[in-house]
Amino acid sequence: MLSTNIKEATKTAHQNLEKQVVLKLKAIRNHADYADLLKHFYAYFSHIEQTIKPYITGSVLPDYEQRRNSAYIKADILELGSDISEIPYTTVPKIENTVQALGALYVLEGSIMGGSIIVKMLEKVGVNKGVSFFSGYGEATGKMWGNFITVLNEQAKTEQEEEQAIKAANGTFEHFAHVFKKEKADTV
Ligand code: HEM
């Protein structure tokens, strides 16, 4: 099943990205630092959302409009007293059909899974506002994830389609990690 294979096949890419995000989180000392982290998320999520939008129609994923998206990140950045006038440069993988778009969306939706851990890490350094994005769907998180996984499995009907979704998911992780890595390279 795609949901099992995609998790296994993207394990390394997830770990690499998680490492980048944790490094950033550990360096947070104030609301401005946290807003900077959110700008990385905003730049990347808004870019990839635009890329996948043509392929995630209402008939593919009926509740897409109700799902958490980069508008939440923007609202959090504003709540922290910052703005989105300067955001990092981003690149995204090539997305040309619905299964690839769902592979990318798997990464965006899955990021909610680590969200509660991130909120706890932020609390420890005194950040307790601007957390709507990382709070995900609250108690509805399991149900929303289940609905998404059902659609993901239904759409990938052949082995080739599974492969396309997995490749897009890995690409989505890698391009996101690059947003953080590039910044480090620029400051050395
Ligand atoms: C501090 C950073 C992060 C931590 C600590 C973290 C942690 C986790 C944890 C604990 C899970 C659940 C694993 C399980 O139940 O088997 C998970 C799942 C997942 N995370 Fe992360 N994560 C982080 C960042 C991210 C980011 C930034 C993304 C993507 C943009 C992401 C994408 C995913 C995906 C797609 C899954 C679902 C895997 C699956 O069940 O198929 N994570 N993460």
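**From one residue to the whole chain**

Tutor: Happy to! Let's start with Glu159, which is found in helix α7 (residues 159-187). Helices here are DSSP runs of H or I with at least four residues, strands are runs of E with at least two, and both are numbered from the N terminus. This is a predicted model, where local features need pLDDT of at least 70, side-chain atom pairs count only at pLDDT 80 or more, and totals for chains, interfaces and linings use all residues. Residues are numbered from 1 along each chain as its sequence is written.

Student: Is Glu159 buried or exposed?

Tutor: Glu159 is exposed, because 10 other C-beta atoms lie within 10 Å. The cut-offs are 20 or more other C-beta atoms within 10 Å of its own for buried, 12 or fewer for exposed, and partly exposed in between, with C-beta atoms placed from the backbone.

Student: OK, new topic. What about Phe148, where does that lie?

Tutor: Phe148 is in helix α6 (residues 141-155). Phe148 counts as buried because it has 22 C-beta neighbours inside 10 Å. Tyr64 is 84 residues from Phe148 in sequence, with 9.2 Å between their C-alpha atoms.

Student: And which helix has Ile118?

Tutor: That one is in α5. Ile118 has 19 C-beta neighbours inside 10 Å, so it counts as partly exposed.

Student: Which residues is Ile118 in contact with, leaving aside neighbours within four places in sequence?

Tutor: Leu25 and Phe134. A contact means that the two C-beta atoms, placed from the backbone, lie within 7 Å.

Student: Let's switch to α4. Which residues are buried there?

Tutor: In α4 (residues 70-79), the buried ones are Ser70, Tyr72, Ile73, Asp76 and Ile77. Down the helix axis they fall within an arc of 150°, so they line one face of α4. That arc is taken over the directions from the helix axis to the C-beta atoms.

Student: Why would spacing like that put residues on one side?

Tutor: An α-helix has 3.6 residues a turn, so residues three or four places apart point the same way. In this model, the buried residues of α4 pack against α3 (31-52). After α4 comes Gly81, which has a positive phi, near 85°.

Student: Zooming out, how many helices and strands does the chain have?

Tutor: Seven helices and zero strands. Of the 188 residues, 32% count as buried.

Student: Last one: where is confidence lowest and highest?

Tutor: It is lowest in α7, at a mean of 90, and highest in α4, at 98. The mean pLDDT (the predictor's confidence in each residue, from 0 to 100) of the chain is 95, and 96% of its residues reach 70 or more.
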